[in-house]
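This report goes through one structure part by part. Please look at the sequence and the model before reading on.

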Amino acid sequence: MNKAKIVSEDLNLYYGDFHALHGIDMTIRDREVTALIGPSGCGKSTFLRCLNRMNDIIPICRVDGTLMFEDTDIYAPTTDVVALRKRVGMVFQAPNPFPKSIFDNVAYAPKLHGLKDKTKLEEIVEKSLKQAALWDEVKDRLHKPALGLSGGQQQRLCIARALAIQPEVLLMDEPTSALDPISTLKIEELIRELKAQYTIVIVTHNMQQAARISDKTAFFLVGDLVEFDHTEVIFTTPKDQRTEDYITGRFG
Ligand SMILES: Nc1ncnc2c1ncn2[C@@H]1O[C@H](COP(=O)(O)OP(=O)(O)OP(=O)(O)O)[C@@H](O)[C@H]1O
């Protein structure tokens, strides 16, 4: 069994008076793909955003319980959020490259973290674009605007941008929901490859996608983590009737 990377124990989250996550217990393991599924509004994105404290920007949001990233207590007041986000990168639903060149998008975060050496930056850009399976398509146009790429290419660029600071965990919030089927397959292939080096947590509305790419699946329902198990178990022999009803399309 791979080692535990992120451990959530009795994690509760409130938006003002609204109790959005109810005592979530979950162990996310190193170099596995963990999929978060469930109907709209069940708390998948809320949970995902806890993992790198993206909810901090919501003033009414309050969290209790424990969320450990290896030895780091994610919600401890002393935790350095910038350092945390360097280790736990994020890719969003709609591709959101900066209105800059392809090169500058990928070099942006390493530069922000103080890297100035031009050769090193070039190396990082090349390596990240290769890891994101985009290098061959863009190597001759690195200084062209990122916004000139197709949607699928833009999303792979955003993945390259996230990889450029060598995170350990990659959070993905419905990364293919804005993409066509071929671009979606490319991203799915990429996720399977990235798993050799990274721990990946992905929110998806697409159950086939969860079944195709994840090792573990967590099924959420109105703020509860109903069932968390090997993906095969969730999709073939779920233990909870509610999971079965959801995966067989009876609701959601
Ligand atoms: N900033 C916020 N303020 C108040 N309530 C919020 C906020 N963000 C989310 N919520 C509520 O928390 C619950 C969980 O939302 P969340 O976005 O995590 O669900 P989700 O499962 O990711 O849904 P979807 O699949 O539609 O993105 C919902 O009831 C939502 O309305």
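Which residues in α3 meet which residues in α6?

## Helix α3 against helix α6

The structure is a predicted model. On the α3 side, the residues are Ile-102, Asn-105, Val-106, Tyr-108 and Ala-109, and they meet Leu-157, Ala-160 and Arg-161 of α6. By type, the residues of this contact divide into 6 nonpolar, 1 polar and 1 charged.

Two packed helices are described by the angle between their axes and the distance between the axes. For α3 and α6, the axes come within 7 Å and cross at roughly 30 degrees. Angles under 35 degrees count as roughly parallel, and α3 and α6 are therefore roughly parallel to each other. The crossing in which α3 passes α6 is right-handed.

## Helix α3 against helix α4

Helix α3 covers residues 102–112 and helix α4 covers residues 118–131. Their axes come within 9 Å, with a crossing angle of roughly 115 degrees. That angle makes α3 roughly perpendicular to α4. This crossing, of α3 and α4, is right-handed.

From α3, the residues Phe-103, Val-106, Ala-107 and Pro-110 take part in the contact. Their partners in α4 are Leu-121, Ile-124, Val-125, Ser-128 and Leu-129. The residues of the contact of α3 with α4 comprise 8 nonpolar, 1 polar and no charged. Val-106 is listed in the contact with α4 and also in the contact with α6.

Which residues of α3 are buried? They are Ile-102, Asn-105, Val-106, Ala-107, Ala-109 and Pro-110. The cover over these buried residues includes α4, α5 (135–138) and α6 (151–163).

Gly-114 follows α3 and has a positive phi, near 105 degrees. Its place is in the loop between α3 and α4. Gly-114 counts as exposed because it has 6 C-beta neighbours inside 10 Å. Between Gly-114 and Asp-10 there are 37 Å in space, C-alpha to C-alpha, and the two are 104 residues apart in sequence.

## The shell around the ligand

Which residues are around the ligand? They are Tyr-15, Phe-18, Ala-20, Gly-38, Ser-40, Gly-41, Cys-42, Gly-43, Lys-44, Ser-45, Thr-46 and Ile-58. The elements that give two or more residues to this shell are β2 (18–29) and α1 (44–50).

The largest share, 3 residues, comes from α1. Sorted by type, the shell holds 5 nonpolar, 6 polar and 1 charged residues.

Glu-70 is not a glycine, yet its phi is positive, about 50 degrees. This residue is found in the loop between β4 (61–69) and β5 (72–73). With 13 other C-beta atoms within 10 Å, Glu-70 is partly exposed.

Gln-166, a residue other than glycine, also has a positive phi, near 50 degrees. Gln-166 lies in the loop between α6 and β7 (169–173). Is Gln-166 buried or partly exposed? It has 17 other C-beta atoms within 10 Å, so Gln-166 is partly exposed.

## Gln-208 in helix α8

Helix α8 (residues 207–213) contains Gln-208. Gln-208 counts as exposed, because it has 10 C-beta neighbours inside 10 Å. Gln-208 and Phe-235 are 27 residues apart along the chain, and 9.5 Å separate their C-alpha atoms.

Methods
Residues numbered from 1 in each chain as written. Predicted model: local features only at pLDDT ≥ 70, side-chain atom pairs only at ≥ 80, totals over all residues. Near = placed C-beta within 6 Å. Helix = DSSP H or I, 4+ residues; strand = E, 2+ residues; numbered from the N terminus. Nonpolar A, V, L, I, M, F, W, Y, C, P; charged D, E, K, R; others polar. Axes fitted to C-alpha atoms, helices over the stretch in contact; angles between N-to-C directions. Parallel < 35°, antiparallel > 145°, perpendicular 65-115°, else oblique. Left-handed = near helix turned anticlockwise from the far one by under 90°. Contact = placed C-beta atoms within 7 Å. Buried ≥ 20, exposed ≤ 12 C-beta atoms within 10 Å, placed from the backbone.
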